Amino acid sequence: MNNIKTLGIDLAKNSFSLVGMNAHGKVVLRKTLSRKKLLAYVAQLNPCFIAMEACSGAHYWAREFKLLGHQVAIIAAKFIEPFRTGGKNDNNDAEAICEAAMRPNIWHVPVKTAEQQAVMTLHRVRQGLVKERTSMINQLRGLLSEFGIIIPKGRYSLHDVIGDILEDADNKLPHLAREMTSNLWQRIKQANEQILSYDRALSKQVREDSVAKRLMTIPGVGEQVATAVTANVPDPRLFKNSRQFCAWLGLVPRQFTTGGKIRLGRITKRGDKYLRMCLVHGARAVMANLREKEDKVSCWIRELIARRGYLKAAVALAARNARLIWTLMVKQEDYKVIN
């Protein structure tokens with residue numbers, strides 16, 4: 001155990017596979033441990049470099065291993081798969097993790113603190129409830145259409161007409177269908193109240209975080225984006241520049257370059273899907289409120305919409321905002337409007 005320099009751990013619920021390599025990349029350890037024995041075993045090892053796949057529980061184990069004096073890396077699964085040899089099993093996965101960790105150019109996922117993970121828990125629960133509410137609204141609209149009652153598109157349109165529909169005795173809606181519709185509407189209202197409470201919790205997080213406040217000075221960056229960025233990016237200096245940060249979010253074009261001829265495709269869509277979605281929605285909110293603004297950014301957006309289309313312009317503005325986020329976090333400055 002003294003000559004282990006790199007330790008790859010394939011995480012699971014109860015059974016953990018370990019593969020250790022020495023300084024020359026030779027396998028010197030293969031072991032399977034239960035959850036109860038893992039921490040005690042790692043505590044006996046001399047300080048080494050421990051690598052894990054980015055999955056459930058990875059950040060928890062990374063924090064625990066760091067307390068024991070080890071260096072820890074979390075690696076995305078897509079970077080580990082090319083190093084796997086043989087069939088897909090826990091032992092081969094652990095060896096592939098170990099191989100990937102020894103490569104100098106493999107990107108490591110920043111280890112989150114427990115507080116940062118708690119903020120993301122709020123985001124995930126809220127996101128799930130928003131999806132559930134949308135599903136219930138669509139279900140309600142579909143059920144009423146079976147009885148010839150058509151509701152206009154949009155959540156607020158439903159709010160405006162559902163009360164009159166339930167109270168209208170002449171719309172030939174059967175009593176049982178009316179009762180089920182009313183129950184579904186009550187669940188939607190409960191979801192609205194719960195989502196509002198989550199939004200207030202996000203507002204509280206922003207008030208307590210100076211970095212999030214600074215990020216919200218950027219047009220198109222609201223409470224969701226600001227708190228999600230501060231929770232997902234412990235240190236912006238992990239990225240060499242703003243373009244690397246933008247690439248980490250999957251907002252740069254995919255390259256198909258060969259023979260010195262550069263071809264750019266659609267965005268890569270790598271990284272955090274939720275954070276990328278929030279940035280794009282924030283950009284669309286800015287574009288929807290352009291009106292007759294004459295500042296430099298507004299003029300640029302209008303020209304971009306005319307030249308490349310609305311959706312591509314939204315992604316371009318989201319990428320611009322991502323670069324601004326990195327810059328403001330590094331320089332610790334507020335956003336300044338360019339006239």
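**Salt bridges, sheet and cysteines**

Aspartate 199 is partly exposed, with a relative accessible area of 24%, where buried means under 20%, exposed over 50% and partly exposed in between, for a 1.4 Å probe and protein chains only. The structure is a predicted model, in which local features need a pLDDT of at least 70 and side-chain atom pairs count only at pLDDT 80 or more, whereas totals for chains, interfaces and linings use all residues. Residues are numbered from 1 along each chain as its sequence is written, and side-chain values use heavy atoms, with hydrogens and water left out.

Aspartate 199 forms a salt bridge with arginine 126, and the closest N and O atoms are 2.6 Å apart; a salt bridge is a side-chain nitrogen of Lys or Arg within 4 Å of a carboxyl oxygen of Asp or Glu. This pair links distant parts of the chain, as aspartate 199 belongs to helix α7 (residues 175–207) and arginine 126 to helix α5, 73 residues apart. Helices (H or I, at least four residues) and strands (E, at least two) are DSSP runs, numbered from the N terminus. Arginine 126 is buried, at a relative accessible area of 13%.

In total, the structure holds 7 salt bridges. One of them brings together the side chains of arginine 30 and glutamate 95, with a distance of 3.1 Å from N to O. Because arginine 30 lies in strand β3 and glutamate 95 in helix α4 (residues 90–101), this pair ties together parts that are 65 residues apart in sequence. Arginine 30 is partly exposed, its relative accessible area being 45%, while glutamate 95 counts as buried at 18%. A further salt bridge is formed by arginine 124 and aspartate 272, whose closest N and O atoms are 3.6 Å apart. Here, too, distant parts of the chain are linked: arginine 124 is in helix α5 (residues 114–145), and aspartate 272 is in the loop between β8 (264–267) and α11 (273–288), 148 residues apart. Arginine 124 is partly exposed at 38%, whereas aspartate 272, at 14%, counts as buried.

Six strands form an open sheet in the order β3-β2-β1-β4-β5-β6, with mixed pairing; two strands pair if DSSP finds at least two bridges between them. At the edges stand β3 (27–34) and β6 (108–109), each with a single partner strand, so one side of each is left without a neighbour in the sheet. Strand β5 (residues 71–75) runs antiparallel to β6 and is joined to it by 2 bridges, with isoleucine 74 opposite valine 109 in β6. Helix α1 (residues 35–44) packs on the sheet, where it touches β1 (6–10), β2 (15–21), β3 and β4 (49–53); such contact means heavy atoms within 4.5 Å.

Strand β1 includes aspartate 10, which is buried yet has no salt bridge, the nearest side chain of opposite charge being lysine 88 at 5.9 Å. Lys and Arg count as positive and Asp and Glu as negative, while His and the chain ends are not counted. Not counting residues up to four places away in sequence, aspartate 10 touches several residues, among them Phe16, Asp90 and Ile97.

A search of the whole structure finds 0 disulfides, a disulfide being a pair of cysteine sulfur atoms within 2.5 Å. Cysteine 246 is in no disulfide, and the nearest cysteine sulfur, that of cysteine 278, is 15 Å away, too far for a bond. Cysteine 246 counts as buried at 0% relative accessibility, and cysteine 278 is buried with a relative accessible area of 6%.

Definitions and conventions
Axes are lines fitted to C-alpha atoms, for helices over the stretch in contact, and angles run from 0 to 180 degrees between N-to-C directions.
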